[in-house]
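Thanks, everyone, for making the time this morning.

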Amino acid sequence: MARALRLAERGLMSTDPNPRVGCMLVKAGDIIGEGWHERVGEPHAEIHALQQAGERAAGATAYVTLEPCCHHGRTPPCTEALIAAGVARVVAAMQDPNPHVAGKGLAALRQAGIDTDSGVLAAEAEQLNAGFVMRMRHGRPRVRCKLAMSIDGRTAMASGESQWITGAAARRDVHRLRARSSAIMTGIDTVLADDPSLTARPGDDTDETIRQPLRVVLDSRLRMQPDAKLLQMPGKTLLVTGVTDTEKAARLLRKGVEIVTLPLQGQRLDLPAVLQYLGTLEMNEVHLEAGATLCGALLQAGLIDELIIYMAPHLMGDAARGLFTLPGLATMAQRVNLSVNDIRAVGDDWRISATIDN
């Protein structure tokens with residue numbers, strides 16, 4: 001199963017909105033076929049493994065990182081292919097959280113006389129598809145907040161100058177995180193201040209063909225400028241606003257921008273409604289790169305699931321800007337507690353991965 005999970009990782013940047021899945025076929029202790037889901041709309045991992053094994057698949061054990069599908073979606077059911085191939089046993093890392101499957105795939109295999117097991121390296125399998133699992137269970141994507149800071153916790157000078165806090169290796173790492181995401185989300189203040197591109201450029205041979213995540217800009221008052229750099233970049237941009245301004249919207253629509261109007265909470269967008277809407281667009285992972293105000297609002301609303309913080313070995317002083325705007329924190333008891341899951345060096349910087357304790 002560990003090998004199947006490594007295979008599934010090969011689809012990290014290409015399967016969205018489908019989950020990343022790997023499959024191995026084993027017979028008499030030998031690997032006779034393996035595969036992974038490579039791109040949405042193309043054959044699933046089980047089909048690639050069965051094609052490689054051919055007739056030897058009869059009587060084999062299939063190790064698959066997610067319960068085989070049993071419904072007609074973009075491709076035929078994998079359960080039917082496994083049954084037709086005559087496999088003797090199917091071991092799934094985890095049950096599929098998709099309500100169209102959710103135990104039905106394994107049940108169909110058992111009804112056909114195939115032995116089944118599940119729960120092998122389930123935590124690792126769920127982590128690989130944490131965004132897909134979040135969307136299936138809660139209707140919204142998983143939000144990963146990326147921040148870059150000095151060792152004294154500053155993200156920009158008081159003037160707003162912030163390029164570059166971290167080194168080239170850390171920036172390449174960020175592009176890999178962007179490339180695996182369904183969407184890159186930011187706020188209009190960041191767009192107006194920094195004029196970012198918000199594209200995924202992992203820096204390897206896939207650059208020319210990489211799937212560009214949807215760019216999502218939260219712009220409650222429709223302040224986006226038609227000449228913004230991100231509107232010139234490949235891929236699509238979705239503007240989420242809370243107002244109707246036909247003239248401004250027309251200028252942006254001519255630039256290819258998609259605009260959706262969602263409810264406001266006071267002067268700001270209803271952030272839970274924004275994420276629920278992105279869930280309806282089949283967004284699994286949202287990569288957040290924004291300023292302290294939007295990051296703080298999402299954090300206080302309980303809508304950030306993971307923090308990726310790049311810490312650079314320098315000091316920027318107490319006048320520089322902080323990570324989050326968090327009004328109302330006055331006592332130690334009100335602190336936001338984190339669980340640090342991983343710390344590693346990335347070039348000259350350090351990357352901290354953490355989740356929020358509830």
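Predicted model: local features only at pLDDT ≥ 70, side-chain atom pairs only at ≥ 80, totals over all residues.

Stepping back from the pair, we find an open sheet of 5 strands with mixed pairing, in the order β2-β1-β3-β4-β5. Its edge strands are β2 (30-36) and β5 (115-118), each of which pairs on one side only, and neighbouring strands are turned by 15° against each other on average, if direction is ignored.

The other sheet I want to show is open as well and has 9 strands, again with mixed pairing, and reading across we have β10-β9-β8-β7-β13-β6-β14-β16-β15. Here the edges are formed by β10 (258-261) and β15, each pairing on one side only, while the twist from one strand to the next averages 25°. Inside this sheet, β6 pairs with β13, residues 285-288, in the parallel sense over 4 bridges, and V143 stands opposite V286 of β13. Helix α7 lies across β6, β7 (183-187), β13, β14, β15 and β16, and its direction is at about 165° to that of β14.

That brings me to the pockets, and which residues come closest to the centre of the largest one? The space in that pocket is about 1400 Å³, and of the 50 residues that line it, T190, D194, E289, A290 and G291 are the closest to its centre. Among the elements that each supply at least two lining residues are β6 (142-150), α7 (168-179), α8 (188-194) and α11 (292-300), and by class the lining divides into 19 nonpolar, 16 polar and 15 charged residues.

The second largest pocket has a volume of about 780 Å³, and its lining comprises 25 residues, of which Q127, L177, R180, E306 and R351 lie closest to the centre. Both β6 and α7 return here, each supplying at least two residues of the lining, as do β14 (306-312), β15 (338-346) and β16 (349-356), among others. By class, this lining has 7 nonpolar, 5 polar and 13 charged residues.

I will stop there and take your questions.

Technical notes: Residues numbered from 1 in each chain as written. Heavy atoms only, no water. 1 Å grid on protein atoms, 1.4 Å probe; cavity = no way out; pocket = protein on both sides within 12 Å on 5 of 7 lines; lining within 4 Å. Points joined across faces, edges and corners; volume = space filled by probe spheres on them. Nonpolar A, V, L, I, M, F, W, Y, C, P; charged D, E, K, R; others polar. Pairing = 2+ DSSP bridges. Axes fitted to C-alpha atoms, helices over the stretch in contact; angles between N-to-C directions. Contact = heavy atoms within 4.5 Å.
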